[in-house]
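Here are some friendly notes to read with the model open beside you. Take the points one at a time and find each place on screen as you go.

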Amino acid sequence: MNIRHSQDETSEEASINSLKTLFLLSDLAPFYTLASYVKSSLAQENSVIGSLGSPSQMNTTLGNNANCLNIIMAAKHKTPSISFADDKEFENDSRSYEQIIYESKKVPTRKNWHDFFNGLIWSQFPTTKQYFNEQHVEQIQLNQSAKKRSPVRDKLTHFDECGLVLFTNCKEVNTQLEQHEWLRLFVENKCKWHSQIIPVIFGHALWEMLLNPFVGLTAKVVVIEVTDSVLAQIQSNKDSADRHAVCDNLLFAHISQRNLISAKRPFLPMPLLGIPQWSPIEQNDSFYRNDSYFMPKRR
């Protein structure tokens, strides 16, 4: 399926039916998990959906992003910390994007895939996303400027756009990532992926790029080692609010308590399509030995 890849708002993109497209992609990993999450949200929020018609009757084009995302947020959270509003509401607002969210508790939302996926991440990781927003505003106040981006803001943005979390009980994963031991990580550990190594996307730009995946697609990764019991919680009920609450709380604690954003290189690069079952390209020996994508570590 050829889907326009752009962060710019266009009438062509705004007319795309986001939910229908997402459900059509649900037989492809990793979209299966995301589509299940959205489906469960729509089924869960019967009272809200009832006032708007059935899911098939709802306006679920990207042009109706804000309304659709508010329904999903209401389904997953009894008292949502934020809501979504069409960005036209703020077109004459002099405040920065981050300041608007911080002060109004509204996320300006454009009619495109980028902001659709951003809204879904807000619904899955509200605590971490709010923490990132607060850190942005703190940096803006320190620098007395929203236009001048500090190193901290750059790192926040990198992870916000391209972040991936690996929840695992395998102690070797972090070292393999650090050392770029790609064959060990992806091939020798193949049977551990999705059971002992669970990838969870945080960066909304990753979802957007996965609509048209390409060799070179790279994630910024944090590895969070957890106990077997916590891993079992994350692995089960992949579309449930409880599962995402666990992931959100773990990620927030990992980043905030370790003051990770202040580290020189807080995130590890990882070829996203190396994850078993996540590539439309056959993951054979020659695929993993493409060292222009699976780059060796510089010595």
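Contact, a word used throughout these notes, means heavy atoms within 4.5 Å. This is a predicted model, in which local features need pLDDT of at least 70 and side-chain atom pairs count only at pLDDT 80 or more, while totals for chains, interfaces and linings use all residues. Residues are numbered from 1 along each chain as its sequence is written, and side-chain values use heavy atoms, with hydrogens and water left out.

1. Start with the whole chain. The protein chain has 15 helices and six strands; these are DSSP runs numbered from the N terminus, with helices being H or I of at least four residues and strands being E of at least two. Along the principal axes, the C-alpha atoms fill a box of roughly 50 × 45 × 40 Å. The radius of gyration of the protein chain is 19 Å, which agrees with the value near 19 Å for a compact globule of 299 residues. That radius is taken over C-alpha atoms, and the globule rule is 2.2 Å times the number of residues to the power 0.38.

2. Next, look at contacts along the sequence. Among contacts between residues at least 6 apart in sequence, 70% join residues at least 24 apart. Of the 299 residues, 51% count as buried. Buried means under 20% relative accessible area, exposed means over 50%, and partly exposed is in between (1.4 Å probe, protein chains only).

3. Now find T128, which sits in helix 8. Is T128 buried or exposed? T128 counts as buried because its relative accessible area is 0%. Not counting residues up to four places away in sequence, T128 touches F202, D248, L251 and F252.

4. Stay with helix 8 (residues 126-143), which packs against helix 6 (residues 97-104) at an angle of about 115°, their axes 9 Å apart. Axes here are lines fitted to C-alpha atoms, for helices over the stretch in contact, and angles run from 0 to 180 degrees between N-to-C directions. Helix 6 brings E98, Q99, I101 and Y102 to this contact, and helix 8 brings N133, E134, H136, V137 and I140.

5. Compare two glutamines. Q176 belongs to helix 10 (residues 172-178) and counts as buried because its relative accessibility is 8%. Leaving aside neighbours within four places in sequence, Q176 is in contact with E181, R184, L185 and N189. Q196 is placed in the loop between helix 11 (182-188) and strand 4 (197-201), and Q196 is partly exposed at 30% relative accessibility. With neighbours within four places in sequence again left aside, the contacts of Q196 are F167, T168, N169, C170 and L231.

6. Finally, check the backbone. Most residues other than glycine have a negative phi, and most peptide bonds are trans. A cis peptide bond, with omega about 5°, joins A29 and P30; P30 lies in the loop between helix 2 (18-24) and helix 3 (31-44). Q144 is not a glycine, yet has a positive phi of about 55°. Q144 is in the loop between helix 8 and helix 9 (151-162), and is exposed at 74% relative accessible area. Q277 also has a positive phi, near 80°, and is found in the loop between strand 6 (268-271) and helix 15 (285-288). At 58% relative accessibility, Q277 counts as exposed.
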